[in-house]
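Please examine the sequence and the structure shown here before reading on.

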Amino acid sequence: MPMITKIIIDKKGNINYYKKGDFHSLFGVLKEKDIKSGIVKSNIDKEFLVFDANFVDNIHEIKRGPATSHEKDIGLIIATTGIGLNSNVVDAGSGCGKLAAYLSKISCNVTSYEINNEFYEIAKQNIENLKLKVKLKNKNIYEGIEEKDLDLIMLDLLEPWKVTDHANKSLKSGAFLVAYLPTITQVIDFVKSLEDKFYIWKVSEVLEREWSVEGLKVRPKNQMLGHTAFLVFTRKI
Ligand SMILES: C[S@@+](CC[C@H](N)C(=O)[O-])C[C@H]1O[C@@H](n2cnc3c(N)ncnc32)[C@H](O)[C@@H]1O
(Lines give C-alpha, C1' and ligand atoms only; values in the text may rest on other atoms or scores of the structure.)
Protein backbone atom coordinates (compact mmCIF):
# COMPACT_ATOMS: atom_id res chain seq x y z
CA MET A 1 0.00 0.00 0.00
CA PRO A 2 1.48 3.44 -0.88
CA MET A 3 2.59 5.60 2.07
CA ILE A 4 1.24 9.08 2.83
CA THR A 5 3.86 11.39 1.32
CA LYS A 6 2.52 14.90 1.97
CA ILE A 7 0.10 16.75 4.19
CA ILE A 8 -2.02 19.23 2.25
CA ILE A 9 -3.96 21.87 4.22
CA ASP A 10 -6.53 24.16 2.60
CA LYS A 11 -7.59 27.69 3.66
CA LYS A 12 -10.31 26.28 5.91
CA GLY A 13 -7.74 24.24 7.82
CA ASN A 14 -8.86 20.87 6.42
CA ILE A 15 -6.00 18.38 6.66
CA ASN A 16 -5.60 15.99 3.73
CA TYR A 17 -3.35 12.92 3.81
CA TYR A 18 -1.90 12.74 0.30
CA LYS A 19 -0.28 9.70 -1.31
CA LYS A 20 0.18 10.32 -5.04
CA GLY A 21 -1.51 11.59 -8.23
CA ASP A 22 -3.31 14.86 -8.83
CA PHE A 23 -5.11 16.27 -5.77
CA HIS A 24 -8.77 17.33 -6.22
CA SER A 25 -10.68 19.47 -3.72
CA LEU A 26 -13.41 22.11 -3.41
CA PHE A 27 -10.63 24.67 -3.79
CA GLY A 28 -9.45 23.34 -7.14
CA VAL A 29 -6.88 20.86 -8.42
CA LEU A 30 -3.18 20.52 -7.62
CA LYS A 31 -1.17 18.71 -10.29
CA GLU A 32 1.08 15.95 -8.92
CA LYS A 33 4.22 17.67 -10.26
CA ASP A 34 3.32 20.87 -8.31
CA ILE A 35 2.78 19.16 -4.93
CA LYS A 36 5.95 20.24 -3.15
CA SER A 37 6.52 21.50 0.41
CA GLY A 38 5.59 25.17 0.88
CA ILE A 39 2.66 27.22 -0.40
CA VAL A 40 1.11 25.85 -3.57
CA LYS A 41 -1.70 27.31 -5.72
CA SER A 42 -4.49 25.32 -7.36
CA ASN A 43 -5.80 25.76 -10.92
CA ILE A 44 -8.33 28.30 -9.51
CA ASP A 45 -5.63 30.27 -7.69
CA LYS A 46 -6.43 29.02 -4.17
CA GLU A 47 -3.54 28.53 -1.77
CA PHE A 48 -2.65 25.30 0.04
CA LEU A 49 0.01 24.62 2.63
CA VAL A 50 2.04 21.49 1.84
CA PHE A 51 4.63 19.66 3.95
CA ASP A 52 6.21 16.21 4.16
CA ALA A 53 4.36 13.45 5.98
CA ASN A 54 6.00 11.25 8.61
CA PHE A 55 5.25 8.28 10.89
CA VAL A 56 2.41 9.99 12.81
CA ASP A 57 0.58 10.71 9.57
CA ASN A 58 0.95 7.18 8.27
CA ILE A 59 -0.18 5.65 11.55
CA HIS A 60 -3.21 7.94 11.47
CA GLU A 61 -4.22 6.31 8.20
CA ILE A 62 -3.65 2.62 9.05
CA LYS A 63 -6.41 0.10 8.50
CA ARG A 64 -8.54 -0.16 11.67
CA GLY A 65 -9.91 -3.20 13.45
CA PRO A 66 -10.98 -3.00 17.11
CA ALA A 67 -10.59 0.15 19.25
CA THR A 68 -6.98 1.34 19.36
CA SER A 69 -4.89 2.75 22.21
CA HIS A 70 -4.81 6.55 22.23
CA GLU A 71 -1.67 8.65 21.69
CA LYS A 72 -2.11 10.52 25.00
CA ASP A 73 -1.97 7.18 26.84
CA ILE A 74 0.83 5.74 24.69
CA GLY A 75 3.00 8.71 25.66
CA LEU A 76 2.59 7.93 29.37
CA ILE A 77 3.29 4.22 28.81
CA ILE A 78 6.58 4.99 27.06
CA ALA A 79 7.66 7.61 29.61
CA THR A 80 6.72 5.63 32.73
CA THR A 81 8.20 2.29 31.70
CA GLY A 82 11.40 3.86 30.33
CA ILE A 83 11.73 1.34 27.51
CA GLY A 84 14.60 1.92 25.11
CA LEU A 85 16.42 0.51 22.14
CA ASN A 86 17.45 -2.74 23.84
CA SER A 87 14.27 -3.39 25.82
CA ASN A 88 12.39 -6.63 25.25
CA VAL A 89 8.67 -6.00 25.00
CA VAL A 90 5.54 -8.15 24.65
CA ASP A 91 2.25 -6.53 23.70
CA ALA A 92 -1.25 -8.06 23.56
CA GLY A 93 -3.66 -7.98 21.84
CA SER A 94 -2.27 -6.43 18.73
CA GLY A 95 -5.63 -5.14 17.45
CA CYS A 96 -4.62 -3.28 14.30
CA GLY A 97 -1.05 -2.97 15.61
CA LYS A 98 -1.11 0.70 16.56
CA LEU A 99 0.33 0.44 20.08
CA ALA A 100 2.82 -2.22 18.92
CA ALA A 101 3.94 0.16 16.16
CA TYR A 102 4.60 3.00 18.64
CA LEU A 103 6.44 0.62 20.99
CA SER A 104 8.61 -0.62 18.13
CA LYS A 105 9.65 2.96 17.32
CA ILE A 106 11.27 2.95 20.77
CA SER A 107 12.40 -0.68 21.15
CA CYS A 108 13.57 -3.02 18.39
CA ASN A 109 12.40 -6.18 20.20
CA VAL A 110 8.61 -6.07 20.23
CA THR A 111 6.46 -9.20 20.02
CA SER A 112 2.70 -8.80 19.79
CA TYR A 113 0.07 -11.51 20.40
CA GLU A 114 -3.33 -11.43 18.66
CA ILE A 115 -5.97 -14.15 19.06
CA ASN A 116 -8.29 -13.03 16.25
CA ASN A 117 -7.23 -14.11 12.72
CA GLU A 118 -8.78 -11.10 10.99
CA PHE A 119 -7.12 -8.55 13.32
CA TYR A 120 -3.82 -10.45 13.12
CA GLU A 121 -3.88 -10.03 9.30
CA ILE A 122 -4.74 -6.31 9.63
CA ALA A 123 -1.90 -5.75 12.13
CA LYS A 124 0.53 -7.67 9.90
CA GLN A 125 -0.35 -5.53 6.89
CA ASN A 126 -0.14 -2.28 8.88
CA ILE A 127 3.25 -3.11 10.42
CA GLU A 128 4.57 -4.08 6.98
CA ASN A 129 3.26 -0.84 5.42
CA LEU A 130 4.86 1.20 8.20
CA LYS A 131 8.15 -0.65 7.53
CA LEU A 132 8.52 -1.53 11.21
CA LYS A 133 9.82 -4.65 12.91
CA VAL A 134 7.26 -6.30 15.19
CA LYS A 135 7.11 -10.07 15.65
CA LEU A 136 3.39 -10.76 15.37
CA LYS A 137 1.96 -13.99 16.76
CA ASN A 138 -1.52 -15.27 15.98
CA LYS A 139 -1.82 -16.72 19.51
CA ASN A 140 -3.83 -16.57 22.70
CA ILE A 141 -1.69 -14.89 25.37
CA TYR A 142 -3.90 -16.39 28.12
CA GLU A 143 -2.24 -19.73 27.27
CA GLY A 144 1.27 -18.50 28.00
CA ILE A 145 4.13 -16.22 27.01
CA GLU A 146 7.07 -17.82 25.23
CA GLU A 147 9.43 -14.83 25.57
CA LYS A 148 11.59 -14.47 28.71
CA ASP A 149 13.68 -11.72 30.33
CA LEU A 150 11.16 -9.08 29.34
CA ASP A 151 11.30 -5.40 30.31
CA LEU A 152 7.64 -4.71 29.58
CA ILE A 153 4.42 -6.64 29.05
CA MET A 154 1.70 -4.34 27.75
CA LEU A 155 -1.87 -5.64 27.91
CA ASP A 156 -4.78 -4.06 26.07
CA LEU A 157 -7.38 -6.82 26.27
CA LEU A 158 -10.50 -7.80 28.19
CA GLU A 159 -9.17 -10.04 30.97
CA PRO A 160 -5.56 -9.12 31.82
CA TRP A 161 -5.77 -11.01 35.13
CA LYS A 162 -5.50 -14.20 33.05
CA VAL A 163 -1.96 -13.11 32.10
CA THR A 164 -0.57 -12.25 35.56
CA ASP A 165 0.93 -15.71 36.28
CA HIS A 166 2.51 -15.99 32.82
CA ALA A 167 3.86 -12.44 33.12
CA ASN A 168 5.46 -13.31 36.46
CA LYS A 169 7.51 -16.04 34.73
CA SER A 170 8.53 -13.87 31.77
CA LEU A 171 9.45 -10.49 33.27
CA LYS A 172 12.76 -9.43 34.79
CA SER A 173 12.69 -8.18 38.38
CA GLY A 174 11.55 -4.55 38.42
CA ALA A 175 10.14 -4.82 34.88
CA PHE A 176 6.68 -3.47 34.08
CA LEU A 177 3.36 -5.22 33.58
CA VAL A 178 0.92 -2.58 32.32
CA ALA A 179 -2.81 -2.94 31.73
CA TYR A 180 -4.87 -0.55 29.59
CA LEU A 181 -8.43 -0.87 30.90
CA PRO A 182 -11.57 1.05 29.91
CA THR A 183 -13.54 0.25 33.09
CA ILE A 184 -12.76 0.52 36.79
CA THR A 185 -14.21 -2.93 37.51
CA GLN A 186 -11.48 -4.38 35.27
CA VAL A 187 -8.91 -2.42 37.29
CA ILE A 188 -10.26 -3.99 40.51
CA ASP A 189 -10.06 -7.53 39.09
CA PHE A 190 -6.61 -6.97 37.63
CA VAL A 191 -5.22 -5.57 40.89
CA LYS A 192 -6.65 -8.58 42.81
CA SER A 193 -4.72 -10.93 40.53
CA LEU A 194 -1.36 -9.29 41.31
CA GLU A 195 -1.18 -10.80 44.84
CA ASP A 196 2.35 -10.38 46.22
CA LYS A 197 4.06 -10.89 42.85
CA PHE A 198 3.72 -7.33 41.56
CA TYR A 199 3.99 -3.90 43.16
CA ILE A 200 1.41 -1.31 42.06
CA TRP A 201 3.60 1.51 40.74
CA LYS A 202 0.74 3.82 39.79
CA VAL A 203 -2.78 3.88 38.41
CA SER A 204 -3.52 6.83 36.11
CA GLU A 205 -5.92 8.38 33.68
CA VAL A 206 -4.61 10.90 31.15
CA LEU A 207 -6.73 13.95 30.29
CA GLU A 208 -5.59 16.01 27.31
CA ARG A 209 -7.15 19.43 26.69
CA GLU A 210 -6.51 21.03 23.32
CA TRP A 211 -6.55 24.82 22.92
CA SER A 212 -7.62 27.09 20.06
CA VAL A 213 -4.98 29.70 19.27
CA GLU A 214 -6.45 31.95 16.56
CA GLY A 215 -5.76 35.67 16.89
CA LEU A 216 -7.37 36.79 20.16
CA LYS A 217 -9.43 33.63 20.42
CA VAL A 218 -7.03 31.82 22.71
CA ARG A 219 -8.85 29.36 24.91
CA PRO A 220 -9.54 25.66 25.44
CA LYS A 221 -11.45 24.04 22.56
CA ASN A 222 -15.16 23.44 23.16
CA GLN A 223 -14.88 19.71 22.74
CA MET A 224 -12.58 17.33 24.52
CA LEU A 225 -11.92 13.62 24.25
CA GLY A 226 -13.51 12.08 27.34
CA HIS A 227 -12.47 8.78 28.84
CA THR A 228 -10.27 6.31 27.00
CA ALA A 229 -8.78 4.02 29.63
CA PHE A 230 -7.23 3.61 33.06
CA LEU A 231 -3.56 2.71 32.99
CA VAL A 232 -2.38 0.32 35.68
CA PHE A 233 1.41 0.28 35.98
CA THR A 234 2.82 -2.57 38.04
CA ARG A 235 6.36 -3.86 38.59
CA LYS A 236 7.49 -7.43 39.10
CA ILE A 237 8.92 -8.00 42.56
C1 LIG B 1 -8.62 -3.11 22.20
S2 LIG B 1 -7.82 -4.15 21.09
C3 LIG B 1 -6.11 -3.72 21.20
C4 LIG B 1 -5.76 -2.50 20.39
C5 LIG B 1 -4.28 -2.25 20.29
N6 LIG B 1 -3.70 -1.92 21.57
C7 LIG B 1 -4.02 -1.11 19.29
O8 LIG B 1 -3.54 -0.02 19.71
O9 LIG B 1 -4.33 -1.28 18.09
C10 LIG B 1 -7.88 -5.70 21.93
C11 LIG B 1 -7.34 -6.84 21.10
O12 LIG B 1 -7.01 -7.93 21.95
C13 LIG B 1 -7.28 -9.12 21.27
N14 LIG B 1 -7.33 -10.20 22.26
C15 LIG B 1 -8.33 -10.44 23.16
N16 LIG B 1 -8.01 -11.50 23.93
C17 LIG B 1 -6.78 -11.93 23.52
C18 LIG B 1 -5.93 -13.00 23.93
N19 LIG B 1 -6.30 -13.84 24.91
N20 LIG B 1 -4.73 -13.15 23.30
C21 LIG B 1 -4.37 -12.32 22.30
N22 LIG B 1 -5.15 -11.30 21.86
C23 LIG B 1 -6.34 -11.11 22.46
C24 LIG B 1 -8.59 -8.83 20.56
O25 LIG B 1 -8.84 -9.71 19.51
C26 LIG B 1 -8.35 -7.38 20.09
O27 LIG B 1 -7.81 -7.35 18.82
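The model is a predicted one. Its protein chain contains 6 helices and 15 strands, and the C-alpha trace spans about 70 × 40 × 30 Å along its principal axes. The chain is divided into domain 1, covering residues 6-56, and domain 2, covering residues 63-236. Between the C-alpha centres of domain 1 and domain 2 there are 35 Å. Of the 237 residues in the protein chain, 32% are buried. Among contacts with a separation of 6 or more, 59% are between residues 24 or more positions apart.

Strand 1 (residues 6-9) and strand 6 (residues 47-52) run antiparallel and are joined by 4 bridges; here I9 stands opposite L49 of strand 6. Strand 6 is also joined to strand 5 by 4 bridges, again in the antiparallel sense, and K41 has E47 in strand 6 as its bridge partner. The hairpin of strand 5 and strand 6 has 5 residues between the strands, and D45 in this hairpin takes a positive phi near 65°.

V40 belongs to strand 5, residues 38-41. Apart from its neighbours within four places in sequence, V40 is in contact with L30, D34, I35, F48 and V50. The C-alpha atoms of V40 and D10 are 10.0 Å apart in space, although the two residues are 30 residues apart in sequence. Is V40 buried or partly exposed? Burial requires 20 or more other C-beta atoms within 10 Å; V40 has 18, and is therefore partly exposed.

Attention now turns to the nonpolar core. The largest nonpolar core comprises 46 residues, and those with the most contacts inside it are V89, A100, L152, I153, M154, L155 and V178. Two or more residues of this core come from each of helix 2, strand 7, helix 3, strand 8, helix 4, strand 10, strand 11 (171-181) and strand 15 (230-236). Strand 11 gives the most to this core, with 8 residues. Because 8 of its 11 residues are buried, strand 11 is largely enclosed by the rest of the structure.

Strand 10 lies alongside strand 11 in a parallel pairing over 5 bridges. Within this pairing, V178 of strand 11 is the bridge partner of M154. Leaving aside neighbours within four places in sequence, the contacts of M154 are I77, V89, D91, L99, L103 and V178.

Some features of the backbone remain. In general, most residues other than glycine have a negative phi, and most peptide bonds are trans. A92 and G93 are joined by a cis peptide bond, with omega about -15°, and G93 is placed in the loop between strand 7 and helix 3. D149 has a positive phi near 55° and is found in the loop between strand 9 (135-137) and strand 10. D149 counts as exposed because it has 9 C-beta neighbours inside 10 Å. E195 likewise has a positive phi, near 45°, and is located in the loop between helix 6 (184-193) and strand 12 (198-204). With 11 other C-beta atoms within 10 Å, E195 is therefore exposed.

Finally, K162 is found in the loop between strand 10 and helix 5 (164-170). K162 has 17 other C-beta atoms within 10 Å and so is partly exposed. The C-alpha atoms of K162 and F233 are separated by 16 Å, with the two residues 71 residues apart along the chain.

Conventions: Residues numbered from 1 in each chain as written. Predicted model: local features only at pLDDT ≥ 70, side-chain atom pairs only at ≥ 80, totals over all residues. Domains from an automatic or database assignment. Buried ≥ 20, exposed ≤ 12 C-beta atoms within 10 Å, placed from the backbone. Contact = placed C-beta atoms within 7 Å. Core = buried A, V, L, I, M, F, W, Y, C linked by C-beta atoms within 7 Å. Pairing = 2+ DSSP bridges.
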